[in-house]
Amino acid sequence: MPVIYLSPSTQEENLYVSGGTEEQWMNRLADAMEPYLDAAAIRTVRNTPDMSALSSIRASNAGNYDLHLALHSNAAPEGSYGQVRGVLVFYYPGSVKGRRAAELIADNLKAVYPLPDKVRTEPTTAVGEVRRVKAPAVFLELGYHDNPDDAAWVKQNLDPIARSIVLGLTEYFGLPFLEPMVLKPAVVDVSWGSLNIRDRPDLTAPVLARAYDGARLSVLGQWQNWYSVRFGSLLGWASGDFITLL
C-alpha cells in the first residue's frame, strides 16, 4: 500500500490577490485530494498548518514514505507582480522516481490548467522539500497567487486540480483511479479462513491484514471485482467475492 507524506504550504503570510493565503488554499486543496486518495487506497500522512517547512521535512524523514508531495502556489519576482502565469512541478535532479512522479502529475495538470503549454517539470536543488527529504519528492507550484487569473483558477477548481494530481499518483503507483463514492459499510462473508486485505487489487499482491468472517469494513471504491476498503485504520484492497455490502 503506497504511503505519501502530503505537505500543503504552511506559508500563511503569502496572500492571494483575491483574498486568503497560500496556506489556506493549499490546505483546502489537500482536503479535496483526500477522498480520491482514500478511494485508491493511497495512505497519507499530512503536515499541519502550525508546522513549518523545516518541521515538515523532519516529519517526512522520520517515516518511511513512498513519495513526499508538497503543495504550493507561486509568486512573481519583484517588478513582475501579477504578470506571470504557469505551473511548475519540481523534482530532485537524478531522482528517477521523483522525475517520473513529476512528469505524470504535470501531464495530468495540463488537462485542467487553462494554459497547458505553461505547465512544466523542472529539476531543482534550491527547494528544501525536494533536496532535504529522503523519499522521492515532488514540489508543486500551482499557479501564481499574485496573478488574478491564476488565483481564480486555484479557488474555482479545487476538485479538478485534486482529481488530476491523484490521477497522476495512481498512474505512478500502478493503481486504478476511482471516483470517490459514499462510504458504504460492509461485512466479511467467508465460509472458512479469512479475507486477505492486499496492497493492491491483485491476488499476488502482499497481504496487509486478514479479516475474519463477520468483520466490519468500510468500502471506499470499486474496481472490477475488487473493493478499496478501510479495515480499522488500514487502507487496502479486498476481493468482492467475500464482501457483503450492508
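**Note on the cores and salt bridges**

1. Ile165 touches Leu29, Met33, Leu69, Leu71, Ile105, Leu109, Leu140 and Leu142, leaving aside residues up to four places away in sequence. Contact here means heavy atoms within 4.5 Å.

2. A word on the basis. This is a predicted model, where local features need pLDDT of at least 70, side-chain atom pairs count only at pLDDT 80 or more, and totals for chains, interfaces and linings use all residues. Residues are numbered from 1 along each chain as its sequence is written, and side-chain values use heavy atoms, with hydrogens and water left out.

3. Which residues touch the most other members of the largest nonpolar core? They are Met33 and Ile165, in a core of 51 residues. A nonpolar core is a set of buried Ala, Val, Leu, Ile, Met, Phe, Trp, Tyr and Cys residues joined through side-chain atoms within 4.5 Å. H1 gives the most to this core, with 9 residues. Another core, of 14 residues, lies apart from it; Leu195, Ile197, Val229 and Ile243 are among its members.

4. Now the charged pairs. Side chains of opposite charge can pair when their charged atoms come close. The structure holds 10 salt bridges (a side-chain nitrogen of Lys or Arg within 4 Å of a carboxyl oxygen of Asp or Glu).

5. Asp38 pairs with Arg230, with the closest N and O atoms 3.4 Å apart. Helices (H or I, at least four residues) and strands (E, at least two) are DSSP runs, numbered from the N terminus. Asp38 is partly exposed at 23% relative accessible area, and Arg230 is partly exposed at 29%. Buried means under 20% relative accessible area, exposed over 50%, and partly exposed in between (1.4 Å probe, protein chains only).

6. Arg85 forms a salt bridge with Asp149 (4.0 Å, N to O). Arg85 lies in the loop between strand E3 (67-74) and strand E4 (87-91), and Asp149 in helix H5 (residues 148-156), so the pair ties together parts that are 64 residues apart in sequence. Arg85 is partly exposed at 22%. Asp149 is partly exposed at 48%.

7. Arg85 also forms a salt bridge with Asp150, at 2.7 Å between the closest N and O atoms. Asp150 lies in helix H5, so this pair links parts 65 residues apart in sequence. Is Asp150 buried or exposed? Asp150 is buried, with a relative accessible area of 1%.

8. One network remains to note. Salt bridges link Asp31, Glu34 and Arg46.
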